[in-house]
Amino acid sequence: MTSVQVVMKNRKVAAILFVLALFASPLAAQEKKPLPPFIHNSGLLVHPKNPAVVYASFWIYGVYKSEDYGKSWRPVNKGFKNTSVYNLVIHPRDPRILYAGTHAGGVYKTIDGGGSWMEVNKGLTTGTIWDLAIEPQRPQTLYALTSLGLFKTVDGGERWTRLPGELPGPPPDQQMTLFTVPSPFTIYLQNGGLLFRWMGETPASPSAWSPPLLKEVTTIRAKPFAYDANAVAIYAGTGNGLFKTTDGGAHWTLLSTEPKLPSWIVLDPSHSEI
């Protein structure tokens, strides 16, 4: 067994992953219509200061919140005009603030832990947000990944600006994912199963992006990446198993041939070896 595990032995994280079995949850009784046997779970977030608080996003049912490690859940969708939520990010310093990217509804923001949501779409010229990423050191700065390219806000969503240049890889589609590493600040983009890296202020052209770092990263719309700040390591779940890099993606080490194509990799925030 490797030193990095896919969160199955950690009791709290396993409870968090209970969201994947939401179809068996008592929440179904709270809905006006019964939940289908399979729910498109698009995101999972843990409160950075209180791991009992977990948020889950869904492509149809919006955002759900648990305050007991996933034992029970409730919808927190007040203010959404479109509850097809593709992704969530949370403010690292003020966890009451979250952003949600939606299908055809743009970006929504909550400042009260999901109590209510408001649209923050000024400057966005497309409503479908495939992914969101937040700068850990400057959390007022976010990036929205769309089929038109990257949009950026430096004021917490008050206004968005499209960054010049095209995205690397094949024509953009819903399989794209985005994530950031804090030090040095780096943007990683997965597009069409290829992983690209960019470092700097403005990804202005395709030449600003690295060549593909890892072939066949993923072939599904998911986020099979995890960043370990202690070891300065990135883990990637691929069609060939679990890989690790400690040099920003230049070289990768195969840790395990299983699992193949995971939807998520989650590190225990207190014990990143798990």
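Are phenylalanine 58 and tyrosine 64 buried or exposed? In this predicted model, phenylalanine 58 is buried, and tyrosine 64 is buried as well.

A pair of aromatic rings is described by the distance of the centres and the angle of the planes. The count of aromatic pairs comes to eight, and two of them are set out in the table. The cut-off that matters for both is that planes over 60 degrees apart count as edge-to-face.

| Ring pair | Distance of centres | Angle of planes | Class |
|---|---|---|---|
| Phenylalanine 58 and tyrosine 64 | 5.5 Å | 85° | edge-to-face |
| Tryptophan 59 and tyrosine 86 | 6.0 Å | 75° | edge-to-face |

Because tryptophan 59 lies in the loop between β2 (54–58) and β3 (62–66), while tyrosine 86 belongs to strand β5 (residues 85–90), their pair ties together parts that are 27 residues apart in sequence. Tryptophan 59 is partly exposed, its relative accessible area being 28%, whereas tyrosine 86, with a relative accessibility of 12%, counts as buried. Ring pairs also bring in Trp130, so that Trp59, Tyr86 and Trp130 are linked into a cluster.

Of the contacts between residues at least 6 apart in sequence, 44% join residues at least 24 apart. The accessible surface comes to about 12,500 Å², and carbon and sulfur atoms account for 57% of that area.

Definitions and conventions
Residues are numbered from 1 along each chain as its sequence is written. This is a predicted model: local features need pLDDT of at least 70, side-chain atom pairs count only at pLDDT 80 or more; totals for chains, interfaces and linings use all residues. Side-chain values use heavy atoms; hydrogens and water are left out. Rings of Phe, Tyr and Trp (its six-membered ring) pair if their centres lie within 6.5 Å; planes under 30 degrees apart count as stacked, over 60 as edge-to-face and the rest as tilted. Buried means under 20% relative accessible area, exposed over 50%, partly exposed in between (1.4 Å probe, protein chains only). Helices (H or I, at least four residues) and strands (E, at least two) are DSSP runs, numbered from the N terminus. Contact means heavy atoms within 4.5 Å. Accessible areas come from the Shrake-Rupley method with a 1.4 Å probe; for residues, only the protein chains shown count as cover.
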